[in-house]
Amino acid sequence: MICVIRQANANDHPTIRRVVAAAFRSDAEAELVGRIRASPEYEPSMELVAELDDPGVVGHVMISRALLQSPDGSNRSIVMLSPLAVDPAAQGTGVGGALVRAVTTIADERGEPLVVLEGNPAYYSRFGFVAAAEHEITLPLPDWAPSAAGQVMLLSSYDAADTT
């Protein structure tokens with residue numbers, strides 16, 4: 001099985017919607033993808049799909065811009081990974097990991113200092129994500145999410161001044 005990671009394009013949008021809805025068993029995250037694409041925070045170069053020879057697109061990830069508010073009230077533009085989705089039939093095959101590594105590499109090559117996300121620490125820690133609180137970053141999380149779900153990956157251009 002050969003997995004190809006490539007930039008998403010408009011022709012992929014219907015398939016991405018199906019993959020995201022199936023992965024989350026909900027249309028809410030699929031609608032979030034559409035809202036992100038329609039926003040000024042959308043970064044097309046950081047929207048990727050994973051393709052297998054058959055059945056085609058089985059995974060999706062995107063990174064978009066977000067604002068990090070410093071203690072002094074000033075805002076800094078950073079990037080956020082959300083969402084990551086893999087078709088249930090392809091879960092557990094390494095597709096999600098390949099997407100995370102590819103998209104964070106792009107962010108790093110673009111000179112982004114860090115990537116934040118809301119997700120399962122047991123999954124994302126294998127890629128270098130740590131609790132955002134370790135770097136005095138607080139992410140707004142839903143009431144049901146544990147504080148450890150707010151995570152950050154520091155990239156090669158990170159400087160502690162990026163979060164203060």
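Guide: An axis here is a line fitted to C-alpha atoms, for a helix over the stretch in contact, and angles run from 0 to 180 degrees between N-to-C directions. Helices (H or I, at least four residues) and strands (E, at least two) are DSSP runs, numbered from the N terminus. You're looking at a predicted model, where local features need pLDDT of at least 70 and side-chain atom pairs count only at pLDDT 80 or more, while totals for chains, interfaces and linings use all residues. Residues are numbered from 1 along each chain as its sequence is written, and side-chain values use heavy atoms, with hydrogens and water left out.

Visitor: At what angle do helices H1 and H2 pack?

Guide: H1 (residues 13-24) and H2 (residues 28-37) pack at about 140°, and their axes are 7 Å apart. That makes H1 oblique to H2, because under 35 degrees counts as roughly parallel, over 145 as roughly antiparallel, 65 to 115 as roughly perpendicular and the rest as oblique.

Visitor: Which residues of H1 and H2 meet?

Guide: In H1, they include Ile 16, Val 20 and Phe 24, and on the H2 side Glu 29, Ala 30 and Val 33 are among them. The residues of this contact (heavy atoms within 4.5 Å) divide into six nonpolar, one polar and four charged.

Visitor: What makes Glu 29 count as partly exposed?

Guide: Buried means under 20% relative accessible area and exposed means over 50%, with partly exposed in between (1.4 Å probe, protein chains only). Glu 29 has 23% relative accessibility, so it counts as partly exposed. Neighbours within four places in sequence aside, Glu 29 touches Val 20 and Phe 24.

Visitor: With which side chain does the side chain of Glu 29 make a polar contact?

Guide: That's Ser 26, at 3.3 Å. A polar contact is a pair of N or O atoms within 3.5 Å; within protein, one must be able to donate a hydrogen and the other to accept it, and residues adjacent in sequence count only if both atoms are side-chain atoms.

Visitor: And what makes Thr 104 buried?

Guide: Its relative accessible area is 6%, so Thr 104 falls under the cut-off for buried. Thr 104 sits in helix H3 (residues 95-109). Apart from neighbours within four places in sequence, Thr 104 is in contact with Leu 81, Phe 129, Met 153 and Leu 155. The Thr 104 side chain also reaches the backbone oxygen of Arg 101 at 3.3 Å.

Visitor: In what order do the seven strands form the open sheet?

Guide: The order is E1-E2-E3-E4-E5-E7-E6, with mixed pairing. E1 and E6 (130-131) are the edge strands, as each pairs on one side only. Two strands pair if DSSP finds at least two bridges between them.

Visitor: How many bridges join the strand pairs E1 to E2 and E4 to E5?

Guide: E1 (residues 3-7) and E2 run antiparallel, joined by five bridges. E4 and E5 pair in the parallel sense over two bridges, and Met 80 has Val 116 in E5 as its bridge partner. Elsewhere, E2 and E3 (residues 56-69) pair antiparallel over seven bridges, and a hairpin joins them through three residues.

Visitor: Why is E2 called largely enclosed?

Guide: Eight of the eleven residues of E2 (residues 42-52) are buried, so the rest of the structure largely encloses this strand. E5 is largely enclosed too, because four of its five residues are buried.

Methods:
Nonpolar A, V, L, I, M, F, W, Y, C, P; charged D, E, K, R; others polar.
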